[in-house]
Each structure stands twice: as structure tokens, then as C-alpha cells.
Number of protein chains: 2
Amino acid sequence: MTYCVGVLLDQGLVLASDTRTNAGVDNVASFRKMTIFNVPGKRNIVLLSAGNLAITQTAVAVIDEWRHGKNAKLNIDKAPSMFRVAGIIGKALREVYHQDADFLKKHNAEFNATFLLGGQIKGERPRLFQIYGAGNFIEAQAETPFLQIGEIKYGKPVFDRLLTMAMPMDEASKLILISFDSTMRSNISVGLPIDLLIMRKDNFKKPEIRRIGEKDPYFADLRARWGSALRKTFESLPPLPLEG
Amino acid sequence: MTYCVGVLLDQGLVLASDTRTNAGVDNVASFRKMTIFNVPGKRNIVLLSAGNLAITQTAVAVIDEWRHGKNAKLNIDKAPSMFRVAGIIGKALREVYHQDADFLKKHNAEFNATFLLGGQIKGERPRLFQIYGAGNFIEAQAETPFLQIGEIKYGKPVFDRLLTMAMPMDEASKLILISFDSTMRSNISVGLPIDLLIMRKDNFKKPEIRRIGEKDPYFADLRARWGSALRKTFESLPPLPLEG
């Protein structure tokens with residue numbers, strides 16, 4: 001399983017993914033699920049993937065080939081908008097579908113792949129999309145300024161309760177890490193380390209992926225304090241009055 | 001969708017279910033998903049259901065018919081243990097499967113039904129089971145003293161973090177209601193009112209179902225205070241230190 005999340009803020013984008021992949025619980029490995037495409041001074045694009053790793057890796061390879069090919073319409077480095085970039089990612093997924101789906105079917109494997117796409121092209125604001133296996137996509141908006149893929153449910157309530165676009169990036173990063181904590185407690189197939197990416201608005205330097213592992217002092221402290229604060233909050237609220 | 005949960009405590013059982021059913025979002029109704037079978041002074045048995053309402057209602061009808069039939073082995077009022085009761089519930093599901101599954105298949109409908117079974121038979125401790133559509137079942141144990149069916153994920157982290165068997169019933173009821181709050185915020189197909197049942201250990205009077213609706217003053221206060229306490233807790237923790 002996988003858990004990836006992206007949040008769209010006034011200050012820019014924060015994106016995070018876990019690094020655990022598994023083919024059954026007896027075959028677990030660590031893979032980076034985040035790929036950055038940067039054109040210095042001009043655009044920053046990042047892809048986060050969930051689903052069948054063979055499909056998503058192949059799609060990323062196709063996207064990369066197209067960046068160095070002759071067809072400008074398939075080149076995310078030249079696309080005039082993030083909307084067009086999302087269309088190209090969808091096309092790459094359809095290309096992989098065309099190559100592999102029939103063979104997957106013969107092996108009773110589903111064509112299971114989803115991307116989160118975040119980024120900014122100079123002249124546009126930062127934008128965040130989710131691209132489905134079918135190649136179609138949706139865009140995050142102010143009312144619900146986050147998108148999740150993979151094991152989304154355990155970590156969703158904190159976003160529903162607390163996230164707004166006005167939240168600063170450092171606070172949103174804290175919220176994302178709390179969401180990962182809840183997810184990892186309930187689903188062992190989502191695992192550390194976490195890759196976290198801060199993409200500041202109107203900054204077109206290639207962003208650094210920050211890797212947060214078990215020994216990360218901030219994350220360890222946050223988990224402990226959030227857990228104990230939840231417990232104290234719970235204890236401070238009155239119990240249900242029972243009859244008898 | 002549905003959300004039902006049962007928790008197994010030293011003091012007894014607390015069980016709760018929502019009341020929303022839907023066949024598509026354009027056909028929503030309110031149904032009781034909790035059925036009590038009581039033999040005064042001797043046994044208390046409660047069933048909570050999730051899945052296809054036609055299947056679960058028919059299974060409950062079969063169980064009830066068997067209570068008034070001649071075969072003692074199919075009578076939950078006479079079963080010598082909760083383990084045997086769980087077996088009878090499973091048999092009733094298999095009976096419905098035998099009647100309906102082929103027809104459901106012709107209409108591309110899955111045979112989708114799950115029960116939570118809680119109860120105590122005099123001489124035994126209170127016990128809690130989950131019965132699958134296939135008629136097999138599992139029992140809750142001290143390490144994980146809760147079971148959930150239906151839309152389980154949004155409301156699971158609070159149990160993973162806080163529940164123990166030693167928790168008093170009134171505190172566990174509070175925890176269940178918080179779990180419902182998180183679930184209802186994230187999934188509109190789980191809805192109020194909530195039916196909550198307290199089954200005290202070694203008390204074989206028929207328990208009352210407590211119905212908790214939007215205007216329930218305790219629940220309204222709990223939701224507001226939990227939400228604002230979470231926000232305050234979140235704000236009190238340090239943000240992720242960012243570079244640059």
C-alpha cells in the first residue's frame with residue numbers, strides 16, 4: 001500500500017509520500033514514490049504515485065522519454081499550463097495501459113495506478129491534480145485544498161477538520177505528518193521514511209526532498225506529543241452519562 | 001454505507017450503529033441496524049448489521065424463525081455458548097446465500113453482508129464476534145478489544161490510540177461517539193441518529209437502545225469540544241522547521 005498527500009496553500013504546495021511498497025506482506029521494499037521535474041527559473045513539477053509500481057514507473061519513464069522527444073505536445077517541460085501537464089500524464093498512463101493492460105488481465109492483475117501532480121509554471125499559480133488510471137483527472141480547489149491517493153481514510157479526518165489554504169507551509173507540514181502518523185498506526189503497509197517536499201510559490205529552484213525517518217527528532221517529538229495530547233483531551237471531556 | 005462498532009470491556013459490552021441506509025445517494029433512508037434477543041435472567045444477544053439490507057434483514061428473520069422452531073441446534077436462545085450462537089448466525093447467512101446468491105449474481109449484485117454479534121450467556125463472560133458473509137467468524141480479544149463493520153477506517157485511529165478493556169463503559173461510550181463524529185465528517189453516507197447499547201456484565205435484563213440524534217445535548221457538546229480541543233492541540237505543537 002501507499003499513502004501520498006498534496007496540499008494546496010496560498011504560500012505554495014506541500015507534498016508527501018511514504019516509501020513502502022509491497023507485493024503481499026512477505027515482499028516489502030522501500031521505493032521513492034516522488035519524482036521532480038524542474039526547469040530552473042521556469043517550472044517545478046512533481047509526481048507522486050500509488051498503485052502497481054510496474055505501471056507507475058513505466059508511466060514516469062514514458063513521461064521522461066517524451067521530455068527528450070520531438071513532439072512538443074507531449075513534453076511537460078514545454079506544456080503551457082499545469083492543466084496541459086496533467087493531460088500529458090494521463091496520456092502516458094493510457095500508453096502504458098495500451099502496452100500492458102491485456103497482459104495484466106491474463107494474470108488477473110488490475111490496471112491500478114494513480115498520480116498526484118503538483119507544480120507551478122511561471123505565470124500560473126501553483127496547482128494540484130489527481131490523475132486516475134483511466135488518464136482523466138481532477139484539480140484541487142479552495143474548498144477542499146488537498147488530495148490524497150492510496151490508503152487515504154485513516155489520515156483524512158485531520159485535514160477535514162483543520163486544513164485551509166491560508167495555513168502556512170510549516171503548519172501544513174505538521175498537519176501532514178500527523179496524518180501520516182494516524183495512517184501508519186492503523187495500516188502497517190504504509191511505512192517510514194516519509195518523503196516531504198515543500199514547493200514555495202514563485203520559486204523555480206529545484207526543491208529538495210526532505211526524508212523523515214524514525215529517528216527524525218521533530219517527527220518523533222510530534223508523534224509523542226500529539227498522542228499524549230489526544231489522550232489528555234479525551235480524558236478531559238465528560239463521559240456519557242449512563243442510567244442506572 | 002453503515003458504520004457499526006462493538007467494544008469489549010471488563011465491565012461489559014458497548015455497541016453502536018448508525019441508521020443510514022442507501023441504495024445510491026439518491027435513495028437514503030433510516031433503518032435500525034441493531035437487533036436484541038433477550039431471555040430475561042439468562043442471556044442477552046445483540047446483532048449489528050452492515051451490507052445489503054435485504055440480505056441482513058432476511059438473515060435476522062431466519063434467526064428469529066429458528067428461535068421458534070423445533071431444532072434446538074439452530075436456536076440462539078438455547079445455544080450453550082456465544083461461540084455456538086455465532087455459528088448459528090453464520091448458518092443463517094449461508095441459508096440466505098443458498099436462497100438468493102444466484103439471483104443476486106444475475107443482477108450483478110454482490111452477496112455483501114457482515115454482522116457484529118455481542119452478548120453474554122449466563123455462566124460465560126461477555127463476548128464479541130464479527131461474522132462474515134461466508135458464515136465464518138472471528139472473536140475480539142484483549143489485545144484489540146473492538147470490532148468494526150462497514151465504513152471502518154475514519155473512526156479507527158482513536159480506538160487504536162486509546163481503547164483498553166479496562167476502560168469504563170461511560171468512557172468507552174464517549175470514545176465510540178468521537179469515532180462516529182470522525183466518520184460522519186468524512187463520509188456523508190454514515191448518518192445520525194446513532195443507536196447506542198450498553199450491555200453490563202452479568203445483567204440479563206433486556207438493555208435499552210439509546211438513540212442519539214443531532215439535538216442530543218451530550219453529543220452536540222462532545223463534538224464541539226473535541227473539535228476545538230483538537231484544533232488547540234494542533235496549534236500548540238511546533239511547526240516543522242523549514243530551511244530558507
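**View 1. The crossing of helices H1(B) and H2(B) in the predicted model.** In this predicted model, the crossing of H1(B) and H2(B) is right-handed. Two packed helices are described by the angle between their axes and by the distance between those axes. For helix H1 (residues 53-67) of chain B and helix H2 (residues 82-106) of chain B, the axes come within 9 Å and cross at roughly 120°.

**View 2. The residues where H1(B) meets H2(B).** On the H1(B) side, the residues that meet H2(B) are Ile55(B), Thr58(B), Ala59(B), Val62(B) and Ile63(B). On the H2(B) side, their partners are Ile88(B), Ile89(B), Ala92(B), Leu93(B), Glu95(B), Val96(B) and Asp100(B). Sorted by class, the residues of this contact between H1(B) and H2(B) comprise nine nonpolar, one polar and two charged.

View 3. Ile209(B) belongs to strand E12 of chain B, which covers residues 209-212. Is Ile209(B) buried, exposed or partly exposed? A residue counts as buried if 20 or more other C-beta atoms lie within 10 Å of its own, and as exposed if there are 12 or fewer; Ile209(B) has 18 such atoms within 10 Å, and it is therefore partly exposed. When its neighbours within four places in sequence are left aside, Ile209(B) is in contact with Met34(B), Asp195(B) and Leu197(B). Ile209(B) and Ile36(B) are 173 residues apart along the chain, while their C-alpha atoms are separated by 9.0 Å.

**View 4. The side of chain A that touches chain B.** Here 33 residues of chain A are in contact with 32 residues of chain B. The elements of chain A that give two or more residues to this side are helix H3 (156-162), helix H4 (169-186) and helix H5 (217-236). By class, the side of chain A that touches chain B holds 18 nonpolar, five polar and ten charged residues.

View 5. Chain A is built with five helices and twelve strands. Its radius of gyration is 19 Å, close to the 18 Å that the globule rule gives for 244 residues, so chain A is as compact as a globular protein of that length. Taken along the principal axes, the C-alpha atoms of chain A fill a box of roughly 75 × 45 × 35 Å. Of the 244 residues in chain A, 44% are buried. Among the contacts in chain A with a separation of 6 or more, 64% are between residues 24 or more positions apart.

Methods. Residues numbered from 1 in each chain as written. Chains lettered and ligands numbered in written order. Predicted model: local features only at pLDDT ≥ 70, side-chain atom pairs only at ≥ 80, totals over all residues. Helix = DSSP H or I, 4+ residues; strand = E, 2+ residues; numbered from the N terminus. Rg over C-alpha atoms; globule rule 2.2 N^0.38 Å. Contact = placed C-beta atoms within 7 Å. Nonpolar A, V, L, I, M, F, W, Y, C, P; charged D, E, K, R; others polar. Axes fitted to C-alpha atoms, helices over the stretch in contact; angles between N-to-C directions. Left-handed = near helix turned anticlockwise from the far one by under 90°.
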